[in-house]
Amino acid sequence: MTTQTAVHAGRRSLGPFPPAAPRNPDAPHVTQASIQVDADDVQGPLTRVWESIGYDEFNWTYTPTGKRLLKTFADFSGAGYHVRPHYMYCSGSGFGIPHWSSGNVYHEDENGTPFYDFTLLDQAYDAIVGAGHHVLVELGFTPRDLLPPEAEALTVVPSPTAYTTYEAGAWGYPPKDYDKWAGLIAATVRHCVERYGEAEVNTWLWELWNEPDGSYWRGTLDQFNELYTVTARAVREALPSAKVGGPAVTSGGLDFLKGFLDYTSSRDEPMDFISYHTKGSRWETRDYRPFAAAPAELLSPSATKMLYDLREFNRLIASYDAYRDLPAIVDECDAGVPAHFGVYDNRNYTFQNTEYYPVFQVKLMKKILDLNAAGPVQVEQATSWSFYFEGERYFEGTRSFLTAGGVQKPLLNAYRMMSLLGPDRLGTTSDAAWRLDELDHTDGSSMPEEVDALASRAPDGTVAVLVWRHIDDQYQTSDDQAPVTITVNNLPAGSYQVRHLRIDAEHSNSYAVWQSFGSPQDPTPDELAAITQRQGLEEYEPQRRVTANGSVSLDVALPLPAASLLILEPSN
């Protein structure tokens, strides 16, 4: 093992994008839109790229709230998500706090002989698998007993709120003994196969580390590459059919990824997927302004920036003949960072409470599918780095699916909507949509207001059309609703039952209900009951029947922002 001090490949921003989406308060609104869906134009399977979540707080996986949330995803999706927690190998007490947790697996006796304690790992993976999901195993980070001597150089100022240097980041140093690390990897894989069965574990992804181009890795690119060789070999020796990959670089890690892929391709290392991350914004946090104060600057996330990142990474991957057919795993794909900061750190995080975020998310997932259609590299998962946080105030504004009291935030309803789409994607056009080719000449501008749609078909002939109105500016709203005509062509003749589900300021929006009560931090039982009653996905209008004779036209009116899901189910 080499022992150089940490020198990362240079990190660089991709494209001309500022830290947040540039605003244009005078940007024109969409005043009307026409959407055409061809029910006979099946463009292939609708890849459910959104069926993946992750989070820092490994130990919250198996809390009662964590288990219920995992079960909620399984119940409405009817399928297993991939779930990716951080810090599985970190030493610690098993007490999770925001952005820190520990699996406490690896230990050595007085003679330096390794032994393993899978108690916490079992609780977390039991919760994931028990809810019907699969694990995206993030193999990190360095256990305390494997810290190298250079880790002693990292120090923290002792205080009542500080942990040791280990929690402060010493876990990011390369293991001092790669053979012992390999033993830990192999023992983990064998233990999981014994506990969950080979068939289940073959659905898992085994990924080395997280964001090694940044502060999570305090070694060199060469050291990381060497660790990948050791890790992949250990995984495959324990389970030859296991899927291994990495390296989960940040959006600034294109050069690191290239150095990694140069290494693995030249040595024909095992590689079943390639992972990277993208974020839509980064702004000042912990500015500690008065709670009633407005943001110092009005900021929003940029979907355009995220899509540009994905395209650049996919182009790099496609430049390797050996890798162009591998799936890309974007296992942190989020509008902003970090997950545990909210409205009390910066008021711009308010969007993570509101209807703006779920509409942003469905828009983003559709555009990722458009990128896939342009090929050749296919994004298989676009992970929302979101779960929940213990000890929050109501609507803290963190990136999460739940707020205090277990109340479901509007974001969760985006995933409910997408779960109702059928297995086949249908050809769909909108005359008010932003197009991917705008990336070819972007100047860093944010995505303008658009109306776009994603449509699907199920084997029983059900057609679902998910349509939205959105702009990459959480402060840009409109009192006028945009009329949208959705025409479904080549629809078999007959009668159809139409359901119309909606996310906007007045529907599927627990946050708006909470605000209507004066934003209480100790809601009464009646208030809490009213909030939770409105937290799910809501019908916009009563169900009705329409008759198709080759086509059907449906009219909707969309406020800004809003998403509607129209489901046309054949009636017998």
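Predicted model: local features only at pLDDT ≥ 70, side-chain atom pairs only at ≥ 80, totals over all residues.
Colleague: Let's start with two helices: how do α6 and α7 run relative to each other?

Modeller: Look for helix α6 at residues 254-267 and helix α7 at residues 303-318; their axes come within 11 Å and cross at roughly 20°. Angles under 35 degrees count as roughly parallel. That crossing therefore makes α6, relative to α7, roughly parallel.

Colleague: Thanks! Which residues of α7 make the contact with α6?

Modeller: On the α6 side, the contact is made by L254, L257, K258 and L261. By class, the α6 and α7 contact has six nonpolar, no polar and two charged residues. The partners on α7 are E312, F313, L316 and I317.

Colleague: Now for the next pair: is the crossing of α7 and α8 left-handed or right-handed?

Modeller: You can find helix α8 at residues 356-374, where its axis and that of α7 come within 11 Å and cross at roughly 30°. With that angle, α7 is roughly parallel to α8. As for its hand, the crossing of α7 and α8 is right-handed.

Colleague: How many charged residues are in the contact of α7 with α8?

Modeller: From α7, the contact uses A303, M306, L307, L310 and R311. From α8 come F360, K363, L364, K367, I368 and L371. Sorted by class, eight of these residues are nonpolar, none is polar, and the number of charged ones is three.

Colleague: Let's move on to the pockets. Which element gives the largest share of the lining of the largest pocket?

Modeller: The largest pocket holds about 760 Å³ of space. Its lining has 38 residues, and the closest to the pocket's centre are R11, S251, K279, R282 and V337. Two elements, β9 (273-279) and α7, each give two or more residues to this lining. The largest share, three residues, comes from β9.

Colleague: And by class, how many residues in that lining are polar?

Modeller: The lining of the largest pocket includes twelve nonpolar residues. Another ten are charged. The count of polar residues is 16.

Colleague: One more: which residues lie nearest the centre of the second largest pocket?

Modeller: This pocket has a volume of about 560 Å³. Its lining divides into eleven nonpolar, six polar and three charged residues. Of the 20 residues that line the second largest pocket, those nearest its centre are P98, H99, W100, E167 and A168.

How values were computed
Residues numbered from 1 in each chain as written. Heavy atoms only, no water. Axes fitted to C-alpha atoms, helices over the stretch in contact; angles between N-to-C directions. Helix = DSSP H or I, 4+ residues; strand = E, 2+ residues; numbered from the N terminus. Parallel < 35°, antiparallel > 145°, perpendicular 65-115°, else oblique. Contact = heavy atoms within 4.5 Å. Nonpolar A, V, L, I, M, F, W, Y, C, P; charged D, E, K, R; others polar. 1 Å grid on protein atoms, 1.4 Å probe; cavity = no way out; pocket = protein on both sides within 12 Å on 5 of 7 lines; lining within 4 Å. Points joined across faces, edges and corners; volume = space filled by probe spheres on them. Left-handed = near helix turned anticlockwise from the far one by under 90°.
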